[in-house]
Amino acid sequence: MIKAVVFDMFETLVTLFEGRTYFGEDLAADVGADLFTFRKEWHAIEKERSIGKYTIEEGLELVLKKLGLYTAEKVKLGAAKRREALGDSFSAIPDDTFLLLQGLKERGLKIGLITNTFSDERDIIRESRLFPYFDIALISYEQGICKPDPALFRKMTEQLNVKAEECLYVGDGGSGELYAARDAGMHPMQCTWFHERAFEPHIPCPILEEFEHAEHQADILKYLDQMKEEK
């Protein structure tokens, strides 16, 4: 019996492909860097940015100094534009996302969040209208580890006080999360409702045929209701 639903954040509850998108190529252009060399150095510290070693500002300063392009103004500009783009994403959370979360609450289910985030993403998640819905939120920037580390999934079940097999895990599939959830004993489901918005080279995850899929947020509630009826 499912007692909890654990979600990914980006491309699951909210999409970055909304409004003013701001990815590595945009950041490189704004700071006057060659895209190839900037992307190489920026991606090299992605894990460190995800586990709280560097804030966005600190990471950008580090990369720009390595490339000989550092100015405080460039760091401020890049950080501000990232925040603007995130603001667009979190201002356009679909109503269906809130209906899904409310539907879970009405069914008496616990709700968890496991997300890989940088410092600015952590801040906006905590400020968002989504955050009060989570019984437990494990944010990589705060936890010091990121998906697909099994420890995050164990910690989630422990803090929700449920067994792994009592958890449905819903995510777009990035960062190997669905495999990690399955290995942890959860029921993984790939959500595809934002999939068509993504564009190369930023497609988070292809469709993974080995997992069950939800094309719409309401499909999660239908799935849970069906499971309950079959019991």
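Residues are numbered from 1 along each chain as its sequence is written, and side-chain values use heavy atoms, with hydrogens and water left out. Because the model is predicted, local features need pLDDT of at least 70 and side-chain atom pairs count only at pLDDT 80 or more, whereas totals for chains, interfaces and linings use all residues.

**View 1. The largest pocket has a volume of about 1000 Å³.** A pocket is an open set of points on a 1 Å grid over the protein atoms alone, where a 1.4 Å probe fits, with protein on both sides within 12 Å along at least five of seven lines, and its lining residues have an atom within 4 Å of a point. Of the 37 lining residues, Leu16, Phe23, Glu46, Phe118 and Glu121 are the closest to the centre. Two or more lining residues come from each of helix 1 (24-30), helix 2 (35-44), helix 3 (46-50) and helix 5 (72-91), helices being DSSP runs (H or I) of at least four residues and strands runs (E) of at least two.

**View 2. The second largest pocket holds about 260 Å³ of space.** Eleven residues line this pocket, and those nearest its centre are Met1, Ile2, Leu109, Leu224 and Lys228.

**View 3. Strand 1 (residues 4-7) has buried residues on both sides.** Ala4 and Val6 point one way and Val5 and Phe7 the other, all of them buried, that is, under 20% relative accessible area with a 1.4 Å probe and protein chains only. Strand 1 runs parallel to strand 2 (residues 110-115), joined by four bridges, and Ala4 stands opposite Lys110. Strand 1 also pairs in the parallel sense with strand 4 (residues 167-171) over four bridges, where pairing requires at least two DSSP bridges, and Phe7 stands opposite Val170.

Methods:
Grid points are joined across faces, edges and corners, and a volume is the space filled by probe spheres set on the points. Buried means under 20% relative accessible area, exposed over 50%, partly exposed in between (1.4 Å probe, protein chains only).
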